[in-house]
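Reader: I have a structure to look at and some questions about it. Can we go through them one at a time?

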Amino acid sequence: MITVSRSKASDLPSDIIDTLTSDSFFGSIGFGRLWTEMGGEPVYWAAEHSGRIVALLPGVEFGRKPVKRFQSMPDGCYGRLYFDNDKSLDRAQISAAIKKAIAGAGYARSFIYDFYGNFAEDSDYTVQPCRTLTVNISDSDWQPPDKKLQSEIRKAVREKVEFRRFDLSRHLDRFITLMEDTEKRHGREPKYSRSFFQALAKLAQSDKRIIWYWCEHEGKPVTSHINFIESAMALNWQVYYDKAFSFLKANQLLLTALASEAREQGAVKLNLGASPPEAGSLAKYKAKWGGVDYEYSCHRRQSILGKAL
């Protein structure tokens, strides 16, 4: 018999979490804790069989009842159900039981971004199709197929563009200015707090799956790329840049650098992320890197209150 329960990350033995999520950054304890800086509570939905935890779905809760919401995972960082190695268990039954438990948990809204196809459709949830662009970077001599991009990367080399790992003690203040200016240019309020980025930079010091590049020119910030290695995939998660330095072609150079470094960590795919429907030029730019659509499902559930919010 499968039983399902919700636990705070702090209440589960860390060795169980580490064993089941060993190949995943998004499932790790450190990644979950980051979201406490944004008012979130990292949790794990655990399936047990014969007194043993056989599967985990990590996620983050935001808000308080009756408007609490659940996400697995937030902000383009995909959800995944982690199973142990017992092949005799019915994984479809386990995933259905976890979805049922979440549906009955009283969340105003719940979202499972099912990038790995762990969950089947059911009557409790609405399925929303999602897509992102992924690039095969498995070849050691990979480069973007677009000739113009290749030329721009060579230009960045000629310009002697330099970049390094983000250094919390040296770069934070200028990064925050760069981030705020980028968001203002796009007509948005900053999404993440200073304390979130501080926590992320501290985690990057001990977790090599965070690849945070920092580039400046004559002492001025040019661009910052925050990337994550998730299993065999590199996610180009957040990019902030100053358009005044677009002539340097630093963003193009940093993406090729990411592909190379990610491949050394075992990644075979580069995920360029989804583009807003109104950002047609951005989607075309990503396609030039050899990106192809990857489709997955978001399983959504809203209570009556959640629909009214």
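Predicted model: local features only at pLDDT ≥ 70, side-chain atom pairs only at ≥ 80, totals over all residues.

Reader: Which residue caps the N-terminal end of H4?

Author: A side-chain oxygen lies 3.1 Å from the backbone nitrogen of Lys148. A polar contact needs a pair of N or O atoms within 3.5 Å. The residue that supplies this oxygen is Asp146.

Reader: How far apart are the end C-alpha atoms of helix H4?

Author: Helix H4 has 12 residues, 147-158. At 1.5 Å a residue they should span 16 Å, and the model agrees with this, because the end C-alpha atoms are apart by 17 Å.

Reader: Within what arc do the buried residues of H4 fall, seen down its axis?

Author: The buried residues are Leu149, Gln150, Glu152, Ile153 and Ala156. They line one face of the helix, because seen down the axis of H4 they fall within an arc of 160 degrees.

Reader: Which residues are exposed on the other side of H4?

Author: Exposed means over 50% relative accessible area. On that other side of H4, the exposed residues are Lys147, Lys148 and Arg158.

Reader: Is Phe115 buried or exposed?

Author: The cut-off for buried is under 20% relative accessible area. Phe115 has 6% relative accessibility, so Phe115 counts as buried.

Reader: What kind of pair do the rings of Phe115 and Tyr116 form?

Author: The ring centres of Phe115 and Tyr116 are 5.3 Å apart. Planes over 60 degrees apart count as edge-to-face. The planes here are at 75 degrees, so the pair is edge-to-face.

Key: Residues numbered from 1 in each chain as written. Heavy atoms only, no water. Helix = DSSP H or I, 4+ residues; strand = E, 2+ residues; numbered from the N terminus. Expected span 1.5 Å × (residues − 1). Buried < 20%, exposed > 50% of the residue type's maximum accessible area, 1.4 Å probe, protein only. Arc of directions from axis to C-beta. Polar contact = N/O pair within 3.5 Å; in protein donor to acceptor, adjacent residues only side chain to side chain. Phe/Tyr/Trp six-rings, centres within 6.5 Å; stacked < 30°, edge-to-face > 60°.
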